[in-house]
Amino acid sequence: MAEALAFYTLSVLILGLAVAVITTPNTVHSVVFLVLNFLCVAVLYVFLQAEFLAVIQVLVYAGGIVVLYLFVVMLVNLGRSPEEHQDPRRLGLIGLGLSGAVLLELAGIIAYSYTREQSPPVTAAQASPVQGNIEELGWLLYTDYLIPFEVASVLLLVAMVGAIVLARRES
Amino acid sequence: MIETIVIPLLKIAVLLNAVLVSVTFMTLLERKVIAWAQSRLGPMRVGPYGVLQAIADPIKLILKEDITPVKADRMMFTLAPIISLVPALVVFAVVPFGGDELFYITDINVGLLFIISVTSIGVYGIILAGWASNSKYPLLASLRASAQLISYEIAVTMTLVSVILTAGTLSMVGIVQAQQDSGLWYGFVQPVAFVLVLIGGLAETNRAPFDMPEAEQELTGGFHTEYSGMRFALFFLAEYANMIVISAVVTVLFWGGWLRPFPSIDALAFLDLIPSWIWFFGKMFVFLYLFIWIRATLPRYRYDQLMRLGWKVLIPIAIGNIVVTGIAKVVL
Amino acid sequence: MADEPKSGDKTRDPRSGGPQSALGEAAPEPAAAPKPKPKPKPKAPPEAPKGPADQPPADDQERPAYFGGFEKALPGAMEQVSYWVGDWTIIVPAAALLEVATYLKGSDDGSFDYCSDITATDWPPREKRFDVVYCLYSTRRRHRLRLKVKLGEGESIPSVTSVWPAANWLEREVWDMFGVNFSGHPDLRRILMPDDWQGHPQRKDYPLEGPGEFLLESPMEWLRLRNLPDEAEIE
Amino acid sequence: MATEASPIFDTDELVINMGPQHPSTHGVLRIVLKLDGERVIDADVVIGYIHRGIEKLSENRDWTQIILLTDRMDYVAAATNNLGYCETVEKLMEIEVPRRARYIRTVLAELQRIASHCLWLGTHAMDIGAMTVFLYAFRERELILDLFEDYCGARLTYNSMRIGGLPLDIPTGWDNKVRAFCDLMESKIPEYEELLTNNRIWLERTRGVGVISGEDAVGLGLCGPPLRGSGVYRDVRKDEPYAAYDEFEFDVPLGTNGDTYDRYLIRLEEFKQSIRIIRQGLDGMPEGPVMGKVPRLIKPKAGETYHAIESPKGELGYFIVSDGRATNPYRFRVRPPSFCNLQGLRPLIVGHLVADVVTLIGTIDVVLGEVDR
């Protein structure tokens, strides 16, 4: 009972904050709402017994990435109207199509999760020879998901190199 | 009911008060120590040897007018000091001040990560304070602060990984117990990591020689230029609370927490007569003193030099340390 | 100390232009050269000095070696030479100043590479009321020389910032204090006085007390003068 | 990619006002900085906030009353200002100053140099964040102020010289006190050096910061330690000896790189040289009067002169015109070393970071009282 109450309260908070993020006219406020949103999600993870994930959520998203968002937002000239921030070359149609595709995909996943038969939620838990939340996570990442994990890190590396190339000044 | 709610609440209340009181006396200690380093006496007027200065200062700050600049963003301006103080206090939840369960509020299995992640929230206080003041010096300071804190957070976290590897656990209590089992404080096992964490800790708490975000001589006080009265005091509290946290973390990770020296040598067992929490506070005090001592001695780094130190020196060493630790762990 | 001339009808003109331009009816006497002294002497206002002595050197005084080369390189530039208590001064015409400066800096036996000071002296009754004085020094030869240029009100003098960058602020100060116009100066703004200040305080006809009393006596007049465009506009 | 920059990514320059009320502008100096991030791309140095019109005032004062006004220019080295003024008038009137007076003047001037450099060292180190050096340096400066108090009764604005000599002979035992101070000072200099000279952070903050070549420094009219830091041999005490400097032995330290660190080393070396001069002055102090033959009414003949001395900040010059009739100078002009050094600030700071601006204001050692007069 208490858990359900907490869950629904949190859900309302998360959704409410998400709406606030996109409706607030002030960008800095919007980023702050985003941080609060992430913190609430972290609490949700704690309810799911995923403390490690919760802590990482706070550390990486709230404490790291969004700080950089804020960094950028603070440097953007806020005196200009939102219209001026629009890129005149943006491709509205393609964007619409892409977001439509993402929506469809989401709907598909949800539909699939309802239709397929219920299987034990975490199969790896039995397979892994280790005990505990963090250890299991590490075991999974370095066995079953090793290749996606490495691919993701290479992707990040590429992104980093790209960012450096873009930001470097011609001297 | 009593076990799960009343006792933890009592502990929290005691801890909060203890932290806040010790912070006020930290300021006195800092003034006194720096004064002695500079062949002065420090505060001498309020109470015997100026002891009551620690009480007079907060009273003054509370009574002062609390000014909000007209052009400031009111909501963020009010929120910023709170954001910076709360994480600094929250992390005390997982700091084990003694061996007994009485001396810590909780022991969670991701304790160390919890501390890192919660302190990383504190940077918002500084950034938002700088931005919300709508003033140029604070803005510059908050830009410096965000870059500095993120960079050093990476360095510190990387360094801690090698400690976690050595201990095999993320729990603060577990790390101390691991040191007890191995019979050796990790300060001797991981000396490189200790130095890195100490340097990173100085930078994370904006202490000299890394006090760029509040460099008085350059930025007229930095991010809290526009703050006065109690809101300013909150920033002050946060800074000193963070200092205490870093000292506590260093004590736990590298100097055996509440353990007596040489926990494996039975001949020294008589040292156990001294309660564990006294050992803890004694060690913590050494580091707090060290922080103040450094402030009295060293000039300030420049912003670009600080970033260079963080990215080009500390982080590579930290990564190298992880590799060496990993190899040692496998080989031994 | 009640100084008697304060209540007199002396011009309390904040503007440098002086009595003749702004306050037409005021006595055109070049406003009281030496200011009232604290000692209450019954003073017959002494007539304003006509200019510096500029004593010529004694005949047996040995001239510095570089004078010869200077006279040969720029004939006629040396209007007058003066020697007093060990200092040599050359008086040059304003038109030749830049040439003289370039020559003095570049010449081997002079090599005046260091501009110690630039200042001016105001001699109101004289037709060319300003003496602009350049104190030069050579860090190589270790000797000094003063250049002096006589200049009238409203005339401009070439700036020597291109020769000695040090002249930048020094010339700004001379402009600020005396209203001497330096042509070709990169940044001729007021330096010590506020940007909107009227008048040039080091002039002899500028009251020692500043514009304060004039402001108190006739604020409307003060305001009118203040709002007039500055006559000594830059260039 | 489009060739023209997208408006989303344009950058704004940040213009900030450093001063006139800023903790490290050493008074009421204002610098308008144009920043790109933290890098200074342009700067405008604005002065004049404590312009008191000392030149104008002096032209309306008695010759002897002006000594008191000169105190108020470089208020951390008031005796040096007195010395410069008195010597200029003596030159104009061709007054012979007794040798004892010249010796005492030299000792006073060198004590002032130590006091001024102490203040510089303290504030400069403080600007870079080393707060302890500040109090150490002030501790020694305090002793010099005590010595001056013993000599003339004042601690800051001394009014300690007269045209033609000195108002007072040194009190009995004063020379021993000065000797004791010299010994003490010599033992304290290593303390400063220990805290700074080989400190890695100090080296990083000062080496290669604010480099200026000797040629540029001469062109910009820099004087004193900033000029010598760039390797230019220029010291009025050696080039145009005044007071009793021609009778003493001392070295003029020179820098090689022209950076902040060199200027720091030079001033530290000047401490030692000043102590050396003071000792020679005290040892060779001749007997005799301290006041020369001066006419009762000081009224120089019509004429003008420029005379410079080496103040702690650099070449302090006085240009004085007498019309030969009044008991006040017709024109009184000071060539303030701080003013000319401050002019060199803009070329120094452009291209550096905000933190370096503070360092560079410190390194040129300005006293705004002298800049604005």
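## A serine in a loop of chain B

Leaving aside neighbours within four places in sequence, B:S228 is in contact with B:E65, B:D66 and B:I67. This picture comes from a predicted model, so please read every value here as computed from that model. B:S228 sits in the loop between α9 (216–219) and α10 (229–254) of chain B. Is B:S228 buried or exposed? With 15% relative accessibility, B:S228 counts as buried, because buried means under 20% relative accessible area.

## A negative patch on chain B

Chain B also carries a negative surface patch, made up of B:E3, B:D100, B:E101 and B:D107. One of its members, B:D100, belongs to the loop between α3 (74–90) and α4 (111–132) of chain B. Its relative accessibility is 46%, so B:D100 counts as partly exposed.

## Chain C at a glance

Let us turn to chain C. It has 6 helices and 7 strands, and from the N terminus on they run α-α-β-β-α-β-β-β-β-α-β-α-α. Chain C has 235 residues, of which 54% count as buried. Among its contacts with a separation of 6 or more, 57% are between residues 24 or more positions apart. The accessible surface of chain C is about 10,700 Å², and 54% of that belongs to carbon and sulfur atoms.

Over all chains, the count comes to 66 salt bridges. In one of them, the side chains of D:R373 and C:E173 meet at 2.2 Å, N to O. D:R373 lies in the segment after α15 (368–372) of chain D, while C:E173 is in helix α4 (residues 167–178) of chain C, so this pair joins two chains. D:R373 counts as buried at 1% relative accessibility, and C:E173 is buried too, with a relative accessible area of 4%.

## Salt bridges within chain D

Inside chain D, the side chains of D:E90 and D:R105 form a salt bridge of 2.7 Å, N to O. D:E90 is in helix α3 (residues 78–93) and D:R105 in helix α4 (residues 99–128), so the pair ties together parts that are 15 residues apart in sequence. Both D:E90 and D:R105 are buried.

Another salt bridge pairs D:E249 with D:R276, with the closest N and O atoms 3.8 Å apart. It links distant parts of the chain, 27 residues apart: D:E249 is in the loop between α10 (236–239) and α11 (260–283), and D:R276 is in helix α11. D:E249 counts as exposed at 54% relative accessibility, whereas D:R276, at 29%, counts as partly exposed.

Definitions and conventions. Residues are numbered from 1 along each chain as its sequence is written. Chains are lettered from A and ligands numbered from 1 in the order in which they are written. This is a predicted model: local features need pLDDT of at least 70, side-chain atom pairs count only at pLDDT 80 or more; totals for chains, interfaces and linings use all residues. Side-chain values use heavy atoms; hydrogens and water are left out. Patches are made of residues with over 30% relative accessible area and no salt bridge: like charges are joined within 9 Å, nonpolar side chains (Val, Leu, Ile, Met, Phe, Trp, Tyr) within 5 Å. Accessible areas come from the Shrake-Rupley method with a 1.4 Å probe; for residues, only the protein chains shown count as cover. A salt bridge is a side-chain nitrogen of Lys or Arg within 4 Å of a carboxyl oxygen of Asp or Glu. Lys and Arg count as positive and Asp and Glu as negative; His and the chain ends are not counted. The place of a charge is taken as NZ of Lys, CZ of Arg, CG of Asp or CD of Glu. Helices (H or I, at least four residues) and strands (E, at least two) are DSSP runs, numbered from the N terminus. Buried means under 20% relative accessible area, exposed over 50%, partly exposed in between (1.4 Å probe, protein chains only). Contact means heavy atoms within 4.5 Å.
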